Amino acid sequence: AGNEERYRHWLTEFSADTPGQVTQIRRNIAAGNPDDARQAAHAIKGRVGMLGMTGLYAIVAALEAALKQGEPTDELLDQLHAAVETLCAEIRSALDVA
C-alpha cells in the first residue's frame, strides 16, 4: 500500500520468525502432531501471501495440503527450509540487518 517502512518491518519480522516456524513444523510432525504442523504452515502461507512471495507461497501451500491429506512431507519441508533460508539471507542483505 505504498508504506515502505511498514513493508520493511514485515520483511524484518519474516526473516526473524520464519526459520523457527519451519523448525517447529518439523518438530510437530516428528511428535505426531500434523494438525499443529498444518496450522503453522497455514500461518506462514498467509504471511508470504501478504508479502508477495509467490514461489514460497506455492511450496508452503503444497506442504499444508500434504499435511491435511496425510501425505509425505519430507521433500516439501526440505524445499521450504531451503527457500526460507535463501529469502531470509536476501532480506537481511537488502535491508542491511543482522
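A crossing is called left-handed if the near helix is turned anticlockwise from the far one by less than a right angle, and right-handed if clockwise. Helices here are DSSP runs (H or I, at least four residues), numbered from the N terminus. This is a predicted model: local features need pLDDT of at least 70, side-chain atom pairs count only at pLDDT 80 or more, and totals for chains, interfaces and linings use all residues. Residues are numbered from 1 along each chain as its sequence is written, and side-chain values use heavy atoms, with hydrogens and water left out.

First, the pair. The crossing of α1 and α4 is left-handed. Helix α1 covers residues 4–30, helix α4 residues 74–95, and they pack at about 160° with axes 9 Å apart. Axes are lines fitted to C-alpha atoms over the stretch in contact, and angles run from 0 to 180 degrees between N-to-C directions.

Who touches whom? Contact means heavy atoms within 4.5 Å. On the α1 side, F14, V22 and I25 are among the residues that meet α4, whose own set includes L80, L87 and I91.

Now the core. A nonpolar core is a set of buried (under 20% relative accessible area) Ala, Val, Leu, Ile, Met, Phe, Trp, Tyr and Cys residues joined through side-chain atoms within 4.5 Å. The largest one has 25 residues, and F14, I25, M53 and L80 are among those with the most contacts inside it. Its largest share, 8 residues, comes from α4.

Take M53. Beyond four places in sequence, M53 is in contact with L11, F14, V48, L87 and I91.

Last, A41, in helix α2 (residues 34–51). A41 is buried, at 0% relative accessible area. Beyond four places in sequence, A41 contacts I25, V60, L63, E64 and L67.

How values were computed:
Helices (H or I, at least four residues) and strands (E, at least two) are DSSP runs, numbered from the N terminus. Buried means under 20% relative accessible area, exposed over 50%, partly exposed in between (1.4 Å probe, protein chains only).
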